[in-house]
Amino acid sequence: MSVSLKKLLLGEQGLVVIFALAFIVVAVFVPNFLTERNMLGLLQSVVTIGIVACTMMFCLASRDFDLSVGSTVAFCGMIAVMASNATGSILLGLIAALLCGALVGLVNGVVIARFRINALITTLATMQIVRGLALISSDGRAVGINDPNFYQLALSKFLGIPAPIWVMLVLFIAFGFILNRTVFGKNTLAIGGNPEASRLAGVNVVSMRVWIFALQGFVCAIAGILLASRITSGQPNAATGLELSVISACVLGGVSLAGGRAAMAGVIVGVLIMGIAENVMNLLNIQAFYQYVVRGLILLLAVLLDNLRSGAVGRRG
Amino acid sequence: MASFLEFKNISKGYPGVQALSDISFAVEKGAVHGLMGENGAGKSTLIRILSGDQSADTGEISLDGSVQHYSSARDAFDAGVIVIHQELQLVAELTVAENLWLGRFPAKAGMIDFKKLVSDVSQKLEAIGIDVDPRIKVANLSIGQRQMVEIAKAVMLDARVIALDEPTSSLSSRESEILFALIGKLKAQGKIILYISHRLDEVFRLCDSLTVLRDGKLAAHHASLAKVTRDQVITEMVGREISNIWGWRARKIGTERLKVEKLGGRLLPNPVSFDVRSGEIFGFFGLIGAGRSEMARLLYGADHRHTGTVTIDGVAVGGNNPRHSIEAGMVLCPEDRKFDGIIQGRSIEENIAVSSRRHFSPLGILQPGKEARLADRFIEKLRIRTPSRKQDIVNLSGGNQQKVILGRWLSEQGVKVLVIDEPTRGIDVGAKAEIYNILYELAENGMAIIVISSELPEVMGISDRIAVMCQGRIAAVYDRDAFDERKILAAALPDRSAAAVA
């Protein structure tokens, strides 16, 4: 490999370059890929992952981990539908769902940060508890939506683009801003870099971590509401395995699992790579079973690339 | 006696840096050879080449007259060269005996022969005079004992050359003494010891010969230390005269700033009381385990305070949260920069602004221009050597990292009390003098400064007053005109009758 190419691929923007190249190749060789319909479909398909990845990025950047997001998305979708049906008010249903999501996150955060229980174990537990609550509340069945206006959350369009995509874009911008341009974002990265040094430098580490988890729960609720609206019901088994896709997308996007390193642009690219891989395989009529293999391979490649990159940085130092 | 270990024209370059150029020197058999130089002088690179971790661009190493061509650390190991690093490399959850036999367990029908393991190891430990029970888990040993075990391992592996990298940096003086005795024994057995250290007194005491590196070049090679003075070595290391690296100067000392009464916590069961005046540098000296750093952490609110009050300019400071201390004007530069000080993976700019940015970030929204100017100001003011403020802090030398942490606190508003724990640990001579000067300047501007150090010359060199801690108590307090090395050390020793030995 020539030196300049190597520099480009392993540099700061390496992933973006690879993504752009892959996008061009796919656009040229895969029929029907670069159509408006397919593009919107692709974006729609990554809305849930994209939204949840925003806060997962904060979680990982502060050296934490959240496995409970899939369950929280399903649970909050159920709450939104059931509370709307029960009260007859969609607004109340949405508020209830958002509060429940934030509450799940808050519980995670308090147990992890205040009682100092390992994040992996804690969220493994809440992942099962919350999934269980979703199943119990509906007796394991899907719950239909009474008020058809609820569908409009996912169906309404602005400038020809469906609302969920707009929500995702707004969250991308908002969390990109929070990460790079606020004390909250910088403190998140500082905690990931060295939690004890951050505490001694006056960062309130415990409350920061609690906030990050609460925010994660809240954002999961947004994703859950939009998902319920799109599939026109509350499904207790929705979004299984979401946590792994979201974490994959973040890692693909260069978020370090060791904490302290994250970029919104990277995460967006990570989310899109996951989406495009799936989309292209659908367009090429590749059997769904292969998609797992391909997704896993992409993740491995991303991690190897990351390793090469930090190796290159280490040698320079 | 013929030279045994020989470096010939060793050069090594990294992109942008010539780490070593044309280094040649030789060491005799049965000698303790010192290797000194400022951080970045090339000591570590030379050791890496010796240990086979990296290969030289040009030049060769010969052992006992035969040129070595190693391509890996394993080859160096087989040739009898063993490097004992600052970070020790034992498996904590295994016993001493298991560690010493790791990789070559004596087996009987596929089962480890533990009896043989233990008896063999205790024999060998005894032979070299190391008093450690081979059945104890390494996790339960002190750092000093672990180091002994590493050295024992090197001896068991028939090492011909043992390189010790800053071996006493985390040892108490008592543990250091044991190490020095062990080094004497190894020397008598004809081993070559390469002794890498910042501590001049140790080098002069232990070493037969000395090589000084500066900027990757051979600054001096002394085949004997008989006629060499300390000032001369310092000059060779820095390339300029530093006749008195402390540079203490008299200054005006004001009224009481910090008052500490009956401060106590889990790790400091006997409450301590003291006060520090504005413009005063108050030194804390004590052996490892005397409670100095524990006191500092309690004072700053890093650990849970059980008893006591802390007041600054008459205002009480709430405990148990560093934030309260910062807001009251008290800051801490911690003992262990790597674990408690620097924020790895983040830039110098962010490391400086991490605390003070709250003063100029309305609604928590950053002002990138202000942060950049702040960082540039302190990079210039504290002379932090870096290509840019965007540099990851882990790429800086220890001295520059310490300056960044000082910058973090100097950028805070209204700091009245600075607590600095081991201000120059692992920092080279040139940067040390710079840090002392920064402290003097701050004191002259009315700050009350607490300096904690395990290096007696440093505490005596820069303090206006010294508190000596011993077993969690303040054993004595001396004014500058009453400083006396022997008295201070005597007060620091837990066993008063041992004072005569010191």
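Colleague: Which conventions apply to the model?

Modeller: Residues are numbered from 1 along each chain as its sequence is written, and chains are lettered from A in the order in which they are written. The model is predicted, local features need pLDDT of at least 70 and side-chain atom pairs pLDDT 80 or more, totals for chains use all residues, and side-chain values use heavy atoms, without hydrogens and water.

Colleague: How many helices and strands has chain A?

Modeller: Helices are DSSP runs of H or I with at least four residues, and strands are runs of E with at least two. Chain A has 15 helices and four strands.

Colleague: Why is chain A called as compact as a globular protein of its length?

Modeller: The radius of gyration is taken over C-alpha atoms, and the globule rule is 2.2 Å times the number of residues to the power 0.38. For the 317 residues of chain A the rule gives 20 Å, and the radius of gyration is 20 Å, so the chain is as compact as a globular protein of that length.

Colleague: Where is Ser347(B) found, and is Ser347(B) buried or exposed?

Modeller: Buried means under 20% relative accessible area, exposed over 50%, and partly exposed in between, with a 1.4 Å probe and protein chains only. Ser347(B) is in the loop between helix H11 (337–341) and helix H12 (348–356) of chain B; its relative accessible area is 10%, so Ser347(B) is buried.

Colleague: Which residues is Ser347(B) in contact with, leaving aside neighbours within four places in sequence?

Modeller: Contact means heavy atoms within 4.5 Å. For Ser347(B) these residues are Arg389(B), Lys390(B), Gln391(B) and Asp392(B).
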